[in-house]
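Dear colleague,

Please find below the structure that I am handing over to you. My notes on it follow, arranged by topic.

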Amino acid sequence: MKKQIKGRVDVTARILEINSHEADVNGEPKKVFSGILADETGKAQFTSWHDFNIKKGDVFRITGGYVKSWKGIPQLTFDSAASVKKLEKSKISKDDLESNKMPLHVLVEKRGALDVQVQGTVIDVRAGSGLITRCPECKRVIQDGICSLHGKVEGIADIRIKLVLDDGTGAVGAILNREVTERIIGMNLNDLKKMKQDDILEMINKLLIANKISLKGNALGDEFGTSIIAQDAKFVDIDLKDEAEKLANELEDLL
Ligand SMILES: [Zn+2]
């Protein structure tokens, strides 16, 4: 959505998801449609206050309405004053939109993005990773059983990893929640509860630092930079055949 980060909507996009719900408008019930659409440059959330008979999978040219950006993620809103035309033929293929792969410098420029896939080397595991305790009320991370909002509470154990990913073109932060952390380290919360925090951090560092991983999730930008809220994290297998060929070529050059 490069053309319309802020201002009027003018976009040709495929609808990836659409839902409807009833909203209360001046005491009158009104059907509101919302979902996710995508063009070649990325994905955006949209809200339509009018029934344009938009269907999942179809491609539309949408003009009118406006675009706002929340933490770098574009949000389109339009009503009956907008023009929404279904296109029978479009260059936007379904396959192009399946994964929203992005080099990190592009993501840093965009600040945020919906449902992206990135790859890079873990260059840092930040403080606040490993075993943490959350307030049962507000889910904030707490220290010594004291929540700044709720006072003394019975904390809930949780695990997460905060890391910095670099692909040579740029760097972003990422947060891996319990589910994603358990998957990538191959251990669960109960396993970690039996370990000392120093040992947990050492293990996470050994496992991740200088290794290549791929992440999927939403990227949110704020004054501290861009962070990916990971929904999935995987180690990237280095292509051994490729590496071997490269080495062979280099040796040939030397001979
Ligand atoms: Zn609290």
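A residue is called buried here if 20 or more other C-beta atoms lie within 10 Å of its own, exposed if 12 or fewer, and partly exposed in between. By that rule, 25% of the 255 residues in the protein chain are buried. Please note that this is a predicted model.

Overall layout

The protein chain contains six helices and 14 strands. Its C-alpha trace spans about 70 × 60 × 30 Å along the principal axes. Of the contacts in the protein chain with a separation of 6 or more, 59% are accounted for by residues 24 or more positions apart.

The two domains

The protein chain is divided into domain 1, residues 7-98, and domain 2, residues 104-240. Their C-alpha centres lie 32 Å apart. Where the two domains meet, eight residues of domain 1 are in contact with twelve residues of domain 2. On the side of domain 1 that touches domain 2, strand β3 (residues 42-48) gives the most, with four residues. By class, that side of domain 1 has three nonpolar, three polar and two charged residues.

Strand β3 also holds Ala-44. Is Ala-44 buried or exposed? Ala-44 has 25 other C-beta atoms within 10 Å, so it counts as buried.

Strand β2 (residues 28-39) contains Phe-33. This residue has 19 C-beta neighbours inside 10 Å and therefore counts as partly exposed, since the cut-off for a buried residue is 20 or more. Leaving aside neighbours within four places in sequence, Phe-33 is in contact with Ile-18, Ser-20, Ser-48, Asp-51 and Ile-54. Phe-33 and Phe-52 are 19 residues apart in sequence, and their C-alpha atoms are 9.3 Å apart in space.

In soluble globular proteins, nonpolar side chains tend to be buried together. The largest nonpolar core of this model has 42 residues, of which Leu-107, Val-118, Leu-165, Ala-174, Leu-215 and Ala-230 touch the most other members. Strand β7 (residues 113-125) supplies the largest share of this core, five residues. Because domain 1 and domain 2 both give residues to the core, it lies between them.

Which residues surround Ala-230? Apart from its neighbours within four places in sequence, Ala-230 is in contact with Ala-174, Ile-175, Leu-176, Val-180, Leu-215, Lys-216 and Gly-217. Ala-174 and Leu-215 are also among the core residues that touch the most other members.

Helix α5

The twelve residues of α5 should span 16 Å at 1.5 Å a residue, and its end C-alpha atoms are 16 Å apart, which agrees. The buried residues of α5 are Ile-200, Ile-204 and Leu-208. Seen down the helix axis, the buried residues of α5 fall within an arc of 45 degrees, so they line one face of the helix.

What covers the buried residues of α5? The covering elements include β7, β8, β11 (156-166), α3 (178-185) and α4 (189-193). The face of α5 turned away from its buried side carries the exposed residues Asp-198, Asp-199 and Lys-206.

Positive phi angles

Most residues other than glycine have a negative phi. Two residues with a positive value are described here.

Just after α5, Ala-210 takes a positive phi of about 75 degrees. Ala-210 is placed in the loop between α5 (197-208) and β13 (212-222). With 9 other C-beta atoms within 10 Å, Ala-210 is exposed.

Lys-139 has a phi near 65 degrees, again a positive value in a residue other than glycine. Lys-139 lies in the loop between β8 (130-134) and β9 (146-147). Because Lys-139 has 11 C-beta neighbours inside 10 Å, it counts as exposed.

With kind regards

Methods
Residues numbered from 1 in each chain as written. Predicted model: local features only at pLDDT ≥ 70, side-chain atom pairs only at ≥ 80, totals over all residues. Contact = placed C-beta atoms within 7 Å. Domains from an automatic or database assignment. Nonpolar A, V, L, I, M, F, W, Y, C, P; charged D, E, K, R; others polar. Core = buried A, V, L, I, M, F, W, Y, C linked by C-beta atoms within 7 Å. Expected span 1.5 Å × (residues − 1). Arc of directions from axis to C-beta.
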